[in-house]
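Some labels in a structural description rest on cut-offs.

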Amino acid sequence: MKHLLFIAKLLVITLSIFHSDPASAQQVVLGFVKDSQGLPLPGATITLKGTRISTSTDSIGQFKLNVPQVPPFFITASFIGFKAQDFQVLKFETAPLQLTLVDDALLEEIVVTSRRRSEVLQDVPIPISVVGGAQIQESGAFNVGRVKELIPSVQMYTSNPRNTGVNIRGIGSPFGLTNDGLDPGVGYYVDGVYYARPAAATLDFIDIDRIEVLRGPQGTLFGKNTSAGAFNIVTKKASFTPEYSFETSYGNYGYIQAKASVNGPLSSKFAARVSFSGTQRDGVIENIRTGKATNDINNLGFRGQLLYKPTDKTFITLALDASDQEPDGYAQVVAGVVPTLRPAYRQFNAIISDLNYTLPSQNAFDRKIDHDTPWNSGNELGGVSLNAETQLGPGTLTSTTAWRYWNWIPSNDRDFTGLQALAKSQNPAEHRNWSQEVRYAGQISERLSGVAGLFFIDQEVNINGTEESGSAQWRFSQSSTSALWRTPGLFEGYGIYTTASIKSKSAAAFASIDWELINGFHILPGIRYNYDEKDVNYNRIARGGLQTTDPALLALKNGVYSSQAYVADADEKNFTYSLTASYRPSRRLNTFATYSTSFKPVGVNVAGLPTAAGGGAATDLAVIKPEDTKHYELGLKSSPADNFTLNVTLHKSDIKDYQTNVQSPELGVNRGYIANAQKVSVKGFEIDASLRASTKFSFYGAAAYTDATYDRFTNAPLPLEETGQTIGGVQVAFKDISGGKLPGISKWAGSVGGEFATPAKFLNRDAKFFTAIDSYYRSDFSSSPSPSKYLNIDGYTLVNGRIGFKATSGFSAYIWGRNLFNKDYYEQLLPAGGNAGHYAGVLGDPKTYGLTLRYAL
């Protein structure tokens with residue numbers, strides 16, 4: 001409630017700043033608004049641009065607008081189903097103006113800025129998916145986790161905000177638990193600012209204009225290297241046109257979301273935009289121990305922009321954002337038990353039987369837990385940026401300076417039971433970074449355009465982790481039948497306490513040009529030079545539990561947790577390039593072929609290392625080699641008919657030293673570690689189509705086939721069911737899984753949807769009544785770093801829908817529903833710490849539905 005009161009006060013202050021009284025002198029502008037066939041458009045809205053002064057056309061399309069200023073000025077005409085258009089008035093005329101609007105169905109060109117300049121989507125020889133802010137808003141999607149259902153080439157996995165991976169075509173981040181020593185392979189940019197931490201993908205969208213998803217390596221276009229693709233998120237910009245919007249949503253599970261945005265001029269050279277978002281929802285999993293519902297939502301976000309326009313060629317924007325998540329959430333539910341190769345007394349069912357414990361349910365979709373450690377995922381992320389753009393010659397010079405922070409404040413129950421095995425398991429982290437990018441982009445000549453830039457980022461992550469045993473830990477860790485394991489208090493309160501830091505710097509120079517050699521035929525070379533350096537300092541101390549000098553008891557304790565410290569550093573220089581040939585024989589067809597090289601920077605392990613043969617840390621795993629990618633792509637973008645687009649892409653990536661996640665059976669290797677698979681290949685194809693069948697019917701569809709294989713991975717972790725395997729009495733630690741499938745990747749995925757909309761009048765304003773439905777399908781996939789016959793997730797289909805009316809200004813309302821058929825499905829399956837045999841599921845949300853009310857001016 002205090003957050004909502006705070007927002008209300010800020011809105012009142014902001015409204016008072018933007019409010020101004022028009023001048024008293026009035027002149028009248030007369031006119032008619034018609035469509036391209038000459039038919040009148042009754043109820044069209046006419047607005048004096050840059051003000052809140054407006055009127056509507058009458059039954060014959062005529063309007064009268066009182067104007068308190070002298071020409072020249074612009075008026076904007078808009079009508080639902082038609083493209084809004086500006087018209088300049090040079091002087092007051094006695095004869096009525098004749099304004100013509102063009103039907104939206106004739107305007108299918110989407111403008112993107114993915115190549116750091118404004119271009120028509122179908123002209124860009126890169127596979128790009130674009131999701132508009134209106135579609136995101138109406139579908140109930142408020143973060144990347146929801147948007148992935150609209151773009152089948154995107155995968156996002158999150159067992160909590162820190163452990164979030166965003167992949168494109170199945171590659172980008174290791175599947176499973178996150179290690180702060182790795183860079184993401186998918187770039188995440190908001191208004192040109194690089195967001196370094198994957199936790200950003202779980203935050204609410206605030207005031208989104210559109211999301212552009214580029215598939216494939218994009219290192220010659222973006223500052224930070226993007227070896228698998230990039231999210232280019234564009235928010236609504238501050239402008240000199242007054243705009244106000246207020247939105248609230250209500251749904252089941254106590255769902256409530258409020259959004260507000262205010263925009264307008266402060267003076268002739270300054271304008272501002274302020275936006276807020278708050279989301280709350282009750283939990284969807286019942287903790288029978290506490291009587292509370294967990295996995296709730298509690299998000300609050302703010303974004304502000306101050307625009308300074310000293311001349312018509314220069315724009316300077318100061319932006320500030322802050323987001324805060326404080327959920328009682330991200331609990332995982334035991335989904336099954338795997339028989340391992342450990343002795344019978346070390347099987348999960350034998351362990352809990354000896355402890356007189358029973359799981360609250362054998363079915364994860366009963367959504368019941370009895371966890372005794374709270375699940376909290378405090379996630380704070382924000383920053384400030386200064387972006388300056390000035391037209392210089394034939395192009396635009398842009399400078400983007402940014403400082404960002406991320407605070408991670410967790411609490412987890414990583415044994416997934418109501419037993420005090422892992423009494424504490426948390427890895428709080430603080431991240432700070434600042435970055436600078438300078439680039440020049442534009443149309444250099446009639447046949448030459450391009451972008452060139454410099455980028456630098458300095459990051460530091462500090463971690464203070466705790467993993468502590470409880471009263472039941474002895475039974476889970478018991479590795480012999482010795483009675484000493486039962487020593488009272490031996491492990492209770494015994495754990496590891498970690499301090500670690502990573503300092504990293506990255507600098508790059510990049511350039512890409514588009515050269516039209518002959519009409520319709522383009523050559524697009526690109527280059528990138530990158531330097532990375534990382535320093536890691538890791539120190540953990542084992543302490544607590546029973547204080548003893550007995551060597552036998554100390555040996556048992558050290559077998560569970562031991563102190564470990566290491567210092568490592570790495571640096572890497574890398575040169576990569578791309579070459580694309582594009583041919584556009586007509587406006588309806590654009591073909592392209594690309595060969596590119598790319599890389600992911602060197603990695604460092606900062607979550608503990610496995611124990612080497614001599615008993616010390618395996619420090620040879622402290623530094624992880626960079627990924628080296630060779631990428632091939634063939635694409636076709638076409639418009640077979642008016643209002644119909646059909647795009648097809650074939651792709652193949654060969655990756656050397658693929659950075660992957662290893663889930664270790666050692667508790668002391670906190671949350672696993674990272675390693676290199678020698679060679680991986682990913683290949684597939686994608687189809688994207690959209691059709692505006694008429695002014696009332698529109699459809700879209702997308703499909704992706706992806707085949708991802710470990711060509712060679714000889715030191716992979718054992719799958720869960722092979723934990724405890726020995727050969728000749730010697731413990732086996734690794735397995736050759738060459739030829740196996742990569743985790744997290746469905747061979748088939750697809751999205752399809754459509755909308756029926758008809759123009760109408762509502763409350764004397766233009767409106768459009770609509771009904772829309774979206775569906776998303778993905779086939780089965782592995783949820784284990786090494787293929788396992790148990791940790792596979794079945795394919796599933798989700799159906800979402802919405803119905804209501806929307807207006808360009810005034811009141812809009814619609815009902816929405818997600819997972820309408822209440823499909824039970826897993827997003828991930830994760831082994832519990834120590835590999836005792838049980839594993840837990842990250843559950844997809846059940847059916848949710850709600851009502852959204854919106855008012856805009």
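This is a predicted model: local features need pLDDT of at least 70, side-chain atom pairs count only at pLDDT 80 or more; totals for chains, interfaces and linings use all residues.

Residues are numbered from 1 along each chain as its sequence is written, and side-chain values use heavy atoms, with hydrogens and water left out.

Q: Why is the contact between Glu827 and Lys148 called a salt bridge?
A: A salt bridge is a side-chain nitrogen of Lys or Arg within 4 Å of a carboxyl oxygen of Asp or Glu. The N to O distance for Glu827 and Lys148 is 3.9 Å, so the pair qualifies. The pair links distant parts of the chain, 679 residues apart, with Glu827 in strand E51 (residues 826-831); strands (E, at least two residues) are DSSP runs, numbered from the N terminus.

Q: What makes Glu827 and Lys148 buried or exposed?
A: Buried means under 20% relative accessible area, exposed over 50%, and partly exposed in between (1.4 Å probe, protein chains only). Glu827 has 18% and Lys148 has 8%, so both are buried.

Q: How do you know that Lys741 and Asp707 form a salt bridge?
A: Their closest N and O atoms are 2.8 Å apart, so the pair meets the cut-off. Asp707 lies in strand E40 (residues 697-712), and the pair ties together parts that are 34 residues apart in sequence.

Notes:
Helices (H or I, at least four residues) and strands (E, at least two) are DSSP runs, numbered from the N terminus.
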